[in-house]
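Dear colleague,

I am handing over the structure we spoke about, and below it you will find what came out of going through it. Please read the notes with the structure open beside them.

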Amino acid sequence: SSKNLQGYAPICLGLEDFYIRRLYLRIQDCFGRPIASPPDAWIDVVERYSNDNNKTLLRTAKTSKCLNLGSYNYLGFAAADEYCTPRVIEALRRFSPSTCGARVDGGTTVLHTELEELVAKFVGKPAAVVLGMGYVTNSAIIPALIGKGGLIISDSLNHNSIINGARGSGATVRVFQHNMPSHLEEVLREQIAEGQPRTHRPWKKIIVLVEGIYSMEGELCKLPEITAVCKKYKAYTYLDEAHSIGAIGKTGRGVCEQLGVDTADVDIMMGTFTKSFGSCGGYIAGSKELIQYLKYSCPAHLYATSMSPPAVQQVISAVKVVLGEDGSNRGAQKLARIRENSNFFRSELQKMGFEVLGDNDSPIMPIMLYNPAKIPAFSRECLRQNVAVVMAAFPATPLLLARARICISASHTREDLVKGLEVISRVGDLIGIKYFPVEHQKH
Ligand code: PMP
């Protein structure tokens with residue numbers, strides 16, 4: 001009944017078909033299962049968790065240790081760290097968990113200003129502003145950048161926070177085919193002539209929205225080609241680096257560094273602290289004028305309580321480790337490790353015959369299941385063998401393109417990865433998802 005569905009609203013949103021609703025109700029235990037530890041390489045997963053179990057799970061609930069192949073903890077900073085953790089505790093003592101104020105109302109600490117300078121330096125832009133949540137960074141900054149009379153051209157697989165920001169802006173929104181610069185150009189050509197001055201166009205402003213690494217696909221943005229098209233048509237580029245900042249590029253500076261794009265060619269750089277840096281919050285980096293403008297026009301900056309100071313300190317410390325400013329070379333080691341781990345895991349999965357999406361060096365590697373009915377078998381069987389995976393399904397992906405979304409971390413050891421591969425291989429045989437059998441690959 002619809003009453004029963006209330007608790008499952010996020011996954012059922014927009015699902016009209018009765019049978020699809022029934023299916024999702026039966027596999028609710030594959031989503032949102034609580035854990036009782038940091039999201040590191042190994043996690044404590046609550047054992048008894050089912051859809052009809054609406055009771056509060058106590059922190060004493062029985063858990064099992066599982067290999068974690070699902071968290072965005074790319075550099076391993078989500079666990080206790082010899083450099084970050086003591087500084088975060090110190091920040092908690094000195095500043096408390098909350099600033100109890102918006103940035104303009106006493107909610108700016110010396111840590112916030114230090115972080116903004118550090119982020120600007122790290123991503124290679126003149127200035128930056130930080131906000132309390134990555135999701136809100138997209139959904140509140142995009143409407144501050146563009147409005148009625150403007151044109152947004154958005155990649156078809158952009159994250160929900162970007163879609164939300166674009167829709168809420170009041171600008172006209174057009175979508176181009178995922179990661180296809182030629183289609184972006186086609187959409188632009190329908191609207192304006194090449195080289196037409198900004199002042200002579202039917203649009204006040206044109207912004208192209210893309211991501212560095214697409215979170216459901218594990219794929220790198222074709223940024224060199226996209227920035228070239230944007231330049232040709234004088235459109236602004238907005239790049240969401242939630243999954244690429246800190247995770248790729250020789251020194252962790254994201255997709256620009258990875259693909260050799262000059263950061264001057266990307267007008268607005270957005271990112272989050274929730275993945276590679278093991279914290280929370282988001283940033284926008286750009287020209288000094290742009291950041292100054294956003295600080296006085298974005299409601300999420302003006303009216304929302306600022307980032308929690310210990311979370312700010314966590315990012316400062318993690319970025320310093322990545323930069324080698326902690327006096328060690330752990331940052332470089334972590335970066336080398338995540339690349340090595342990701343490429344090893346991806347190539348082994350491919351050798352086994354799985355259909356794996358995404359590019360080399362990307363820590364995200366979705367394994368295609370297609371049929372959503374295979375979700376519970378994959379998820380439950382992996383869990384039974386002490387491997388925790390994240391299932392990506394409708395509405396985050398098209399209904400018949402369900403997948404297990406594997407995320408690799410620098411904190412995984414080779415032994416961890418080998419265990420994960422063994423379990424996934426067994427489960428893959430059991431449920432028949434090795435769509436490229438090994439014999440077939442030899443021909
Ligand atoms: N952008 C992208 C591309 C994301 O994948 C996410 C969340 N995973 C966000 C923004 C929102 O960031 P946060 O989770 O830090 O709020």
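**Around the ligand**

The shell around the ligand is made up of three nonpolar, nine polar and two charged residues, where Ala, Val, Leu, Ile, Met, Phe, Trp, Tyr, Cys and Pro count as nonpolar, Asp, Glu, Lys and Arg as charged, and the others, Gly among them, as polar. Please keep in mind that this is a predicted model, in which local features need pLDDT of at least 70 and side-chain atom pairs count only at pLDDT 80 or more, while totals for chains, interfaces and linings use all residues. Residues are numbered from 1 along each chain as its sequence is written.

In total 14 residues surround the ligand, and the closest are G134, Y135, A242, T272 and T274; a residue is near a molecule if its C-beta atom, placed from the backbone, lies within 6 Å of it. Helix α6 (residues 134–145) gives the largest share of this shell, three residues, with helices (H or I, at least four residues) and strands (E, at least two) taken as DSSP runs, numbered from the N terminus.

**The sheet and its helices**

Seven strands form an open sheet in the order β3-β11-β10-β9-β6-β4-β5, with mixed pairing, two strands being paired if DSSP finds at least two bridges between them. Because β3 (127–131) and β5 (172–176) stand at the edges with a single partner strand each, one side of each has no neighbour in the sheet. On average, neighbouring strands of this sheet are turned by 20° against each other, direction ignored.

Within the sheet, β9 (residues 236–240) and β10 (residues 268–272) run parallel and are joined by three bridges, and Y238 stands opposite I268 in β10. Helix α6 lies across β3, β6 (206–211), β9, β10 and β11 (282–286), running at about 160° to β10; axes are lines fitted to C-alpha atoms, for helices over the stretch in contact, and angles run from 0 to 180 degrees between N-to-C directions.

H243 lies in the loop between β9 and α10 (255–259). Is H243 buried or exposed? H243 counts as buried because it has 29 C-beta neighbours inside 10 Å, the limits being 20 or more other C-beta atoms within 10 Å for buried, 12 or fewer for exposed, and partly exposed in between, with C-beta atoms placed from the backbone. Leaving out residues up to four places away in sequence, H243 touches G212, I213, S215, K275 and I364, contact requiring C-beta atoms, placed from the backbone, within 7 Å.

With best regards

How values were computed:
Two residues are in contact if their C-beta atoms, placed from the backbone, lie within 7 Å.
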